[in-house]
Every structure is written in C-alpha cells, then in structure tokens.
Amino acid sequence: MTASLKPNLQLLYVSDIQRSTMFYRQLLQAAPVFVSPRYVAFSAGGEALFALWSGGGEPDAQAPRYSEIGIMLPGGDAVDRVYEAWKKHPDVRIVQAPHTAVFGRTFVAADPDGHWIRVCPLD
C-alpha cells in the first residue's frame, strides 16, 4: 500500500508571468522559491507551493468562479489590517468588502487576471 496523497500545489494560469510575479511578490511579501520563463513558485508552507503558470490557456475573467485562493490569518483583526493595506494597492480590486460570514471576518480581492483571493481567519 502507498502513502496517502495530499494536494501540495495550487497552480494559477496567468496571462503575464512578470506582472503576476510582481503582484504576488508584493501581496505575499515574499520572494519566489523557483523562477522560470513561464512558471514561478512561492512557498505556501511546508512542502506546499503556490505557483503561477503562463504556459497554459489564457485566464478568462468572465468565467464562473468555482475556486478561490485562500489566505488564512490568525483572526478578524488581522483580516481587517490586510484589507486596509490591500485597498491602497493600485493593482488590487476588492470584490467583496469585509464582512462577517459563518466562519468569521472575511473579504475577497481579485488579481490582475481576475482570480479571486479570499482572506479569512484560520479554521
């Protein structure tokens, strides 16, 4: 029997790898751990990666959303602090203003390709 499998890569299709790399570098306040001409990866903790890929199809900002990028923080105050910082960022579009959902304080932003980024408290 083999060891259990676990997801350890979140891959985002982007239209401009350099623009998206700079966007996420600023947003995450972290440098990539791997860079190539069409693929850039950031550490997501442990063995998990958050990666950008420009070698696939073009992202469609009008496509229905079935997933989000999630950034979980220690609590609602931290969520509000990130919101205050991000709303000043010229490339961040706020999709949902901060509000309290069943799981706690949250808001949603979008990156330059329209991918949604939900900031919320830790589960």
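Is Trp 86 buried or exposed, and what is its relative accessible area? In this predicted model, Trp 86 is buried, with a relative accessible area of 8%; buried denotes under 20% relative accessible area, exposed over 50% and partly exposed the range in between, for a 1.4 Å probe and protein chains only. Residues are numbered from 1 along each chain as its sequence is written, and side-chain values use heavy atoms, with hydrogens and water left out. Because the model is predicted, local features need pLDDT of at least 70 and side-chain atom pairs count only at pLDDT 80 or more, whereas totals for chains, interfaces and linings use all residues.

Trp 86 belongs to helix 2 (residues 76-86), whose buried residues are Ala 78, Val 79, Tyr 83 and Trp 86. Helices (H or I, at least four residues) and strands (E, at least two) are DSSP runs, numbered from the N terminus. Contact being defined as heavy atoms within 4.5 Å, the buried residues of helix 2 pack against helix 1 (17-28), strand 5 (69-73), strand 6 (93-101), strand 7 (104-110) and strand 8 (116-121). Not counting residues up to four places away in sequence, Trp 86 touches Leu 27, Ile 71, Val 92, Phe 107, Ala 109, Ile 117 and Val 119.

Four strands form an open sheet of order 5-8-7-6 with mixed pairing, where two strands pair if DSSP finds at least two bridges between them. Strand 5 and strand 6 are the edge strands, each pairing on one side only. Neighbouring strands of this sheet are turned by 15° against each other on average, direction ignored. Axes are lines fitted to C-alpha atoms, for helices over the stretch in contact, and angles run from 0 to 180 degrees between N-to-C directions. Strand 6 and strand 7 pair in the antiparallel sense over six bridges, and Arg 93 has Ala 110 of strand 7 as its bridge partner. Helix 1 lies across strand 5, strand 7 and strand 8, running at about 10° to strand 8. Helix 2 also packs on the sheet, touching strand 5, strand 6, strand 7 and strand 8, and its direction makes about 25° with that of strand 7.

A search of the whole structure finds six aromatic pairs. Rings of Phe, Tyr and Trp (its six-membered ring) pair if their centres lie within 6.5 Å; planes under 30 degrees apart count as stacked, over 60 as edge-to-face and the rest as tilted. The rings of Tyr 24 and Phe 50 have centres 5.0 Å apart and planes at 65°, so this pair is edge-to-face. Tyr 24 lies in helix 1 and Phe 50 in strand 4 (residues 49-53), so the pair ties together parts that are 26 residues apart in sequence. Tyr 24 counts as buried at 2% relative accessibility, and Phe 50 is buried at 8%. Trp 86 and Phe 107 form an edge-to-face pair, with 5.7 Å centre to centre and 85° between the planes. Phe 107 counts as buried at 0% relative accessibility.

The largest nonpolar core has 21 residues, and Tyr 24, Leu 27, Phe 50, Leu 52, Trp 86, Phe 107 and Ile 117 have the most contacts inside it. Such a core is a set of buried Ala, Val, Leu, Ile, Met, Phe, Trp, Tyr and Cys residues joined through side-chain atoms within 4.5 Å.
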